[in-house]
Amino acid sequence: MTLAPAPPDGARIALVDLLDRLLGTGVVLSGDIVISLAGVDLVEVRLHALIRSIRAEERR
């Protein structure tokens with residue numbers, strides 16, 4: 001696997017290039033959000049996601 005070099009400071013990255021890089025290496029998102037009032041938890045949201053591309057096996 002090869003990664004494209006990082007762009008110089010101030011350069012823009014196309015969305016397609018960013019998605020290609022993220023899906024090529026994979027991304028893990030994890031987070032918790034709790035909304036509380038006066039010490040009582042009212043809403044709790046948990047997010048755990050793994051984003052990874054599935055590539056066909058190499059031909060033998």
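Ile13, Leu15, Leu18, Leu19, Leu22, Leu23, Leu29, Leu47 and Ile51 make a nonpolar surface patch of about 760 Å². Patches consist of residues with over 30% relative accessible area and no salt bridge, with like charges joined within 9 Å and nonpolar side chains (Val, Leu, Ile, Met, Phe, Trp, Tyr) joined within 5 Å. The largest share, five residues, comes from α1. Leucine 15 is placed in helix α1 and is exposed, with a relative accessible area of 60%. Here buried means under 20% relative accessible area, exposed means over 50%, and partly exposed lies in between (1.4 Å probe, protein chains only).

The model is predicted, with local features requiring a pLDDT of at least 70 and side-chain atom pairs counted only at pLDDT 80 or more, while totals for chains, interfaces and linings use all residues. Residues are numbered from 1 along each chain as its sequence is written, and side-chain values use heavy atoms, with hydrogens and water left out. The pLDDT, the predictor's confidence in each residue on a scale from 0 to 100, averages 76 over the chain, and 70% of the residues score at least 70. Residues 56-60 have a pLDDT below 50, and this stretch has zero contacts in the model beyond near neighbours in sequence. A contact is defined by heavy atoms within 4.5 Å.

Helices (H or I, at least four residues) and strands (E, at least two) are DSSP runs numbered from the N terminus. Of the 60 residues in the chain, 3% are buried. The accessible surface of the chain is about 6000 Å², and carbon and sulfur atoms account for 59% of this area; accessible areas come from the Shrake-Rupley method with a 1.4 Å probe, and for residues only the protein chains shown count as cover. Among contacts between residues at least 6 apart in sequence, 21% join residues at least 24 apart.

Strands β1 and β2 pair in the antiparallel sense over 11 bridges, where pairing requires that DSSP find at least two bridges between two strands. Serine 30 has histidine 48 in β2 as its bridge partner. The hairpin of β1 and β2 has two residues between the strands. Alanine 38 is located in the loop between β1 and β2 and is exposed, at 78% relative accessible area. Most residues other than glycine have a negative phi. In alanine 38, phi takes a positive value near 55 degrees.

Aspartate 32 lies in strand β1 (residues 27-37). Leaving aside residues up to four places away in sequence, aspartate 32 touches Val45, Arg46 and His48. The C-alpha atoms of aspartate 32 and arginine 46 are 4.5 Å apart in space, with a separation of 14 residues in sequence.

Side chains of opposite charge can pair when their charged atoms come close. With a salt bridge defined as a side-chain nitrogen of Lys or Arg within 4 Å of a carboxyl oxygen of Asp or Glu, the count comes to one. This salt bridge joins arginine 46 to glutamate 44, with the closest N and O atoms 2.7 Å apart. Arginine 46 counts as exposed at 58% relative accessibility, whereas glutamate 44 counts as partly exposed at 44%.
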